Amino acid sequence: MHGRPRKAPTEEEQEASVVKGAKLRSIQAKFFQFHHTNTYTKEALEVNAKLLEMNPEFITGWNYRKLAVQYHLEAAQSDEDSIKSILDEELKVVESALMTNFKSYGAWHHRKWVLNMGHSSTDRELFLLKKFQKLDARNFHAWNYRRFVTALKNIPDEEELQYTTDMIYENFSNYSAWHNRSVLLSRLLKEEVEGYYPKEKVLTEEFEFVRNALFTDPDDQSGWFYHLWLLDQTVKLEHLLVSSWPPNGSNVNVSDYCALSPSLSSISRTLPLILCFSEAVGGINSSTVSVVCESNMDSNLTWTPISVDKSGFARTWLTYLTFSSEPMHPSRNYLVKVSIANSEGIISSAGFCCSNPSHMAFTVCLPSSNTEFDEGPDIERIDWSEENFSSNQLHSENLGLINSFNELTISGGNKKTYETNAKIIADEIAYCRELLSEMDCKIGKLTLARLLLAYDALSSASRGVQDQNMFQYKEILELYHDLMKLDPPHFQYYKDQYSLVFLKQELANEESLLKYCYQYRDSTSLSNNSLCLCLRGLSLSQIGCIEQLLWVQMLDLSNNGIRSIEGLESLQLLCCLNLSNNKICSFSALEPLRLLKSLKVLDISHNEIGAHPIDTRRYLCASPLSHASDWKREEFVVSGPEMTIYWDAFSIFSGLNLRQLSVTGNPIADKKFKLFLCKLLPAMKWLDDEKLR
Amino acid sequence: MTYMAAEEDEGPPRIEPTSFDLIVVGTGLPESIIAAAAASAGKTVLQINPDPYYHSPFASLSPKDLISFLHLHSATTSDHDYTDFRTVDSPTDQTTDSSFNILPLSTRPLYSSVEVHVYSPEKVLDDSLQKEFNLDLAGPRVLFCADPMVDLIVDVDVQNCMSFMSVDTSYCIYDECQKGKGGGLLWNSVPGSRNAIFRDRSLSLKEKNQLMRFFKLLQAHYHSNSKSSTTTSNEEDDENNSSMKITPEDLETPFVEFLTCKIRLSPKLTSIILYAITMADYEQDNVEACKKDIVKTKVGIDRLMLYHKSVGRFRGATGAMLYPIYGQGELAHFFCRRAAIMGGISITQMPVVGLLVDKDVGNYKGVKLVTGQELFSHHLILAPTFVIPPGLTTPSVSPQDVYYDFVQQDAREKVVRGICITDNSFKPDVANCLVFYTPKSLCPDQMTSVRIFQLSSNVRACPSGMFVVYLSTICGDVVQGKRSINAAKEALFSTSVSGNSEDNSRDPLRENTVVKVKPTLLWSTLYIQELIMGGFDCVSSTPMPDGNLQYSHVVDAALKLFQKMYPDDEFFPKKMPWWNEVVENGACLSEG
């Protein structure tokens with residue numbers, strides 16, 4: 001069934017297909033006549049059966065049969081015998097259709113529909129499946145149907161697992177069998193069925209099983225897919241909270257951050273609180289997260305998921321702490337305690353419950369009076385040229401703010417489990433190295449890189465701290481480097497992974513992080529903190545390690561190869577962003593910017609926006625339009641004919657309050673576009689080099 | 001059509017007509033194939049069975065018949081003519097036509113040192129049981145699904161008469177102690193296919209990887225060879241495979257060297273491939289011992305490819321090998337029948353007493369039967385039991401066309417064969433299986449590998465509840481060959497139900513199995529078979545079964561003899577209308 005070249009039809013075959021087509025058309029015409037007159041006689045059903053046998057893909061035909069069955073069942077009322085004979089006839093029709101094409105969606109669906117009525121015996125189904133799976137062991141229709149039948153017949157998962165083992169022994173190049181194995185095992189592990197507990201034991205056995213396939217034929221992908229699934233099961237960390245801003249143990253001067261409040265009102269005692277999780281979570285609210293302050297603070301907090309979609313799940317959650325009254329002691333620092341997952345309710349997008357509470361605390365210094373924040377007219381244009389940045393003379397207080405999370409110990413998760421799993425991964429690493437010593441194998445190298453990364457995560461989790469140093473990061477980088485050369489078609493993927501690992505190493509460690517921190521010459525043009533994280537010219541293709549960067553207000557990512565800024569939305573304090581000289585090729589790639597409400601200065605010059613007439617990203621990622629419910633319809637109309645051309649730019653910029661924007665050096669940035677931007681961003685003072693008002 | 005004796009009143013039956021294109025004396029497998037091929041090519045053929053036992057030395061017989069046959073043809077008793085055991089009234093040395101001389105036809109011994117051990121006579125020798133046994137004289141022997149013998153059957157077996165059973169599995173017993181690894185004798189199943197490698201429990205992961213890569217290399221090698229012969233293959237492909245090529249120089253090196261040095265397979269895998277897949281006889285890494293039988297890489301990979309092509313050729317055949325139900329004799333019988341269908345005449349139990357030779361020139365003219373009748377033919381094929389009488393000349397055959405051997409073999413070489421009837425299988429749940437003892441795994445002076453084939457009642461080898469086990473090894477020294485076979489018997493079986501537990505150290509079954517009790521011997525025999533070669537001369541003769549596991553030499557010999565006799569005729573012409581259909585339904589070789 002697989003890997004068979006299609007031959008051009010011979011003349012005879014072509015003739016035969018013409019004859020068949022004519023026959024099909026005449027039957028089809030007859031069928032439609034019956035269908036349109038709602039005729040469900042025996043003759044009509046026979047015509048339909050013949051039609052479906054010839055062309056099982058004809059969905060209307062199946063729908064007609066369903067109507068006919070319903071019609072006849074009504075007539076049969078509750079006479080068991082006639083119900084059975086009606087339904088048996090349907091099963092027969094499906095069978096003969098499947099003989100013609102056993103990959104017909106309509107036919108399999110019809111069979112399920114009939115069986116779901118519960119009047120038919122299911123004994124024949126497994127026999128039928130055996131026949132189809134003999135014809136093509138990987139046919140996913142049959143495997144799908146098998147899951148349906150086994151659920152109907154209440155066949156225990158263990159039995160089905162044995163069946164997948166048998167099928168894999170017959171031919172291990174069977175994606176469907178491996179997949180069904182993962183489905184069954186997930187259930188068995190979750191329910192802790194006897195013999196499938198503890199999970200570590202099962203994982204070890206499964207790794208051993210699939211290892212035989214990997215070593216026998218490393219070029220066969222099916223085993224690697226299962227291996228990847230196993231790896232995923234092994235590295236699942238139970239703790240979800242990764243970092244926060246303000247960081248644990250830090251001291252924050254609230255007045256420094258008043259410009260970041262949601263509305264530019266005079267409320268100067270507002271402080272953002274950001275929580276960053278290891279994966280997208282939902283259910284963050286004032287009952288799952290408690291925030292207690294010594295000083296008077298509005299405890300009725302509204303948590304917002306920072307996410308481009310509306311699923312209610314996000315890696316990063318934001319709220320604003322409002323200290324309502326005058327502080328009793330202006331110079332005093334007040335303690336704020338945050339407890340996460342006090343009560344159940346935090347759920348990861350994978351359906352995983354976070355039940356391990358984490359605690360953190362920081363102190364705030366409240367201003368004695370309402371110092372008005374004013375964006376004076378004397379504010380200067382931010383100039384990103386290198387000479388304006390000097391290597392840092394960091395104040396110790398800043399250091400505390402950068403150090404986002406290193407101090408916080410992870411209380412959650414079973415350390416012992418992590419230790420066992422780390423050992424499993426260590427074994428896998430050894431086997432992977434053995435395989436690679438035998439032969440050069442791309443997927444083996446990729447897997448080794450993934451295993452090493454997983455090992456780092458697990459071993460640091462088992463020690464209860466987030467590690468500052470990755471042990472094998474050099475090797476991981478080398479592996480990805482090799483892969484880029486070995487496997488050019490997937491260059492971009494390896495490059496992305498390379499960037500993530502590189503950033504993880506460079507940014508997770510305080511010492512090396514400081515190497516990338518620079519002081520902007522003139523702090524007056526910035527509201528407060530003029531410390532810039534400068535990741536310029538590192539040939540990054542995407543950014544990661546975002547949880548370490550929650551503090552960043554000024555970020556220079558210029559002169560890289562960035563195509564996507566996914567994850568950047570977590571940097572809720574970000575004011576100034578330099579993305580110039582990268583490879584961003586559409587506005588939709590800038591979608592995370594929509595969520596950065598504090599962003600004032602943006603440089604996207606010298607990218608590739610507008611270079612490609614078709615924005616392929618839109619097909620890969622969800623369209624911005626699908627999440628655009630916060631658009632105001634009026635705005636849309638008012639903006640006139642440019643809207644039809646620049647709607648995607650509009651979707652990014654309309655919600656931002658930019659002061660300075662550079663777009664030059666992009667194919668899209670012509671005069672017309674600049675005019676459009678001026679109209680769209682009335683508060684903008686500089687567009688490219690031009691001062692506007 | 002079997003010619004039966006007619007006209008009882010008028011003494012000995014007469015055969016009509018009296019002149020043929022070809023007379024075949026013998027109903028062994030090569031004789032039968034030639035008879036069928038010649039008949040299919042439109043020749044007039046007479047096939048004579050001179051012996052009371054059909055299809056010998058490829059016959060399948062009952063225990064009693066087998067022993068009498070062996071004695072009849074063994075060195076001590078067979079120094080005489082057929083007329084000695086079949087008294088016929090009219091043995092005349094005179095020919096009716098004075099232009100011919102008669103050269104008397106004598107036989108030679110085929111077997112020697114026949115030993116028989118009966119442990120449970122009631123279970124084996126009871127007369128009522130005899131017809132339930134089909135013991136092969138030339139065992140162990142199997143068909144590879146893709147070998148020429150099977151091709152021939154697929155081509156010829158129009159009516160789907162033959163049925164086969166798959167050989168479930170094979171094991172290679174390899175002495176790890178000897179290779180300095182420690183661990184003793186291990187039963188390694190022979191992983192001949194991708195999934196067998198995956199399933200295997202005894203190979204290390206590294207070995208699995210190495211073996212599969214080697215198999216892939218072979219496939220790429222054959223693929224590129226077949227491609228370059230049909231089209232000039234595209235260069236890109238060649239570049240990709242350049243690192244993965246077997247060079248012409250490699251093909252000429254010893255296979256063992258290629259496997260260990262070039263492919264860097266482990267000693268265990270090398271042994272499995274050499275002795276259980278390519279079926280090497282002599283110890284390959286012992287230069288002294290295998291001077292004459294060094295398997296070259298070219299031969300080795302050809303045999304490996306045959307193995308690979310065999311796996312999965314027929315739906316329903318689980319492994320690479322097949323065995324005919326009712327025994328090997330069925331194969332010869334099948335071709336005899338084919339000859340008859342195509343118009344050949346066959347007469348049974350009719351000894352031939354002499355050859356008719358032209359008085360003037362001295363060349364072959366015909367045969368004289370024990371009945372005194374003289375029959376004439378252009379060509380004569382004789383079974384290996386007959387000695388071609390000296391004094392024949394061959395004016396029609398130029399000296400360079402004369403040839404004797406099909407496979408170069410040492411003249412002193414013989415095959416030691418053993419047949420055992422046991423009460424149980426070596427391995428639970430395994431009915432039909434092969435076992436290979438690599439050289440020196442049984443005893444230090446075991447020079448050649450010992451091949452063992454266990455069959456159950458599902459191929460009608462024996463009554464249910466019993467197993468038949470064939471053993472064989474090639475040997476230059478008969479004593480040493482017998483010692484190897486006896487050592488294998490000792491390692492595998494016990495002679496009584498109780499006495500089996502002392503010899504634990506050499507018990508091969510202790511690994512990978514739950515069986516603790518060795519099968520018990522009910523009956524056994526051991527005999528030495530001569531390796532008589534065939535040849536083409538004034539009269540041609542067919543070879544004895546060789547020491548190999550396959551039938552390739554039989555097909556080869558039959559084909560060569562046929563082509564020498566009829567250079568312009570096709571060996572089993574394939575243009576018959578039914579042919580395509582049969583090949584498509586290759587499953588006509590459906591196992592039982």
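# Chains A and B: questions and answers

Chain A of this predicted model has 21 helices and 18 strands.

Trainee: What percentage of the residues in chain A is buried?
Mentor: Buried here means under 20% relative accessible area. Chain A has 693 residues. The buried share of them is 52%.

Trainee: What share of the chain A contacts with a separation of 6 or more comes from residues 24 or more positions apart?
Mentor: Take the contacts in chain A with a separation of 6 or more. Then keep those between residues 24 or more positions apart. Their share is 68%.

Trainee: Which three residues supply more of the area that chain A buries against chain B than any other three?
Mentor: Together the three account for 40% of what chain A buries against chain B. They are Tyr169(A), Thr216(A) and Glu438(A).

Trainee: How many salt bridges cross the interface of chain A and chain B?
Mentor: One salt bridge joins the side chains of Arg194(B) and Asp217(A), at 3.0 Å from N to O. Over all chains the count is 39. Across the interface of chain A and chain B it is 6.

Trainee: How many residues apart are Lys84(A) and Asp88(A) in helix H4 of chain A?
Mentor: These two form a salt bridge, with the closest N and O atoms 3.3 Å apart. Lys84(A) is partly exposed at 35%, and Asp88(A) is partly exposed at 28%. Both lie in helix H4 (residues 80–100) of chain A, so about one helical turn separates them. The spacing is 4 residues.

Trainee: Glu591(A) and Arg594(A) form a salt bridge; is Arg594(A) buried or exposed?
Mentor: The closest N and O atoms of the pair are 3.3 Å apart. Glu591(A) has a relative accessible area of 6%, so it counts as buried. Arg594(A) has 11%, under the 20% limit. Arg594(A) is therefore buried.

Trainee: Which residue forms a salt bridge with Asp250(B)?
Mentor: The closest N and O atoms are 3.3 Å apart. Asp250(B) sits in helix H8 (residues 248–252) of chain B, and its partner sits in helix H9 (residues 255–262), 12 residues apart. Asp250(B) is buried at 8%. The partner is Lys262(B).

Trainee: Why is strand E2 of chain B largely enclosed by the rest of the structure?
Mentor: Strand E2 covers residues 19–25 of chain B. It is largely enclosed because, of its 7 residues, the number buried is 5.

Trainee: Which residue is the bridge partner of Ile23(B) in E17(B)?
Mentor: E2(B) runs parallel to strand E17 (residues 374–382) of chain B, joined by 6 bridges. E2(B) also pairs in the parallel sense with strand E3 (residues 45–48) of chain B, over 4 bridges. There, Leu22(B) stands opposite Val45(B). In E17(B), the partner of Ile23(B) is Leu380(B).

Trainee: How many disulfides does the structure hold over all chains?
Mentor: Cys433(B) is in none, as its nearest cysteine sulfur, that of Cys462(B), is 13 Å away. A disulfide needs two cysteine sulfur atoms within 2.5 Å. Over all chains the count is 0.

Notes
Residues are numbered from 1 along each chain as its sequence is written. Chains are lettered from A and ligands numbered from 1 in the order in which they are written. This is a predicted model: local features need pLDDT of at least 70, side-chain atom pairs count only at pLDDT 80 or more; totals for chains, interfaces and linings use all residues. Side-chain values use heavy atoms; hydrogens and water are left out. Helices (H or I, at least four residues) and strands (E, at least two) are DSSP runs, numbered from the N terminus. Buried means under 20% relative accessible area, exposed over 50%, partly exposed in between (1.4 Å probe, protein chains only). Contact means heavy atoms within 4.5 Å. Buried area is the accessible area (1.4 Å probe) that two parts lose on being put together, summed over both. A salt bridge is a side-chain nitrogen of Lys or Arg within 4 Å of a carboxyl oxygen of Asp or Glu. Two strands pair if DSSP finds at least two bridges between them.
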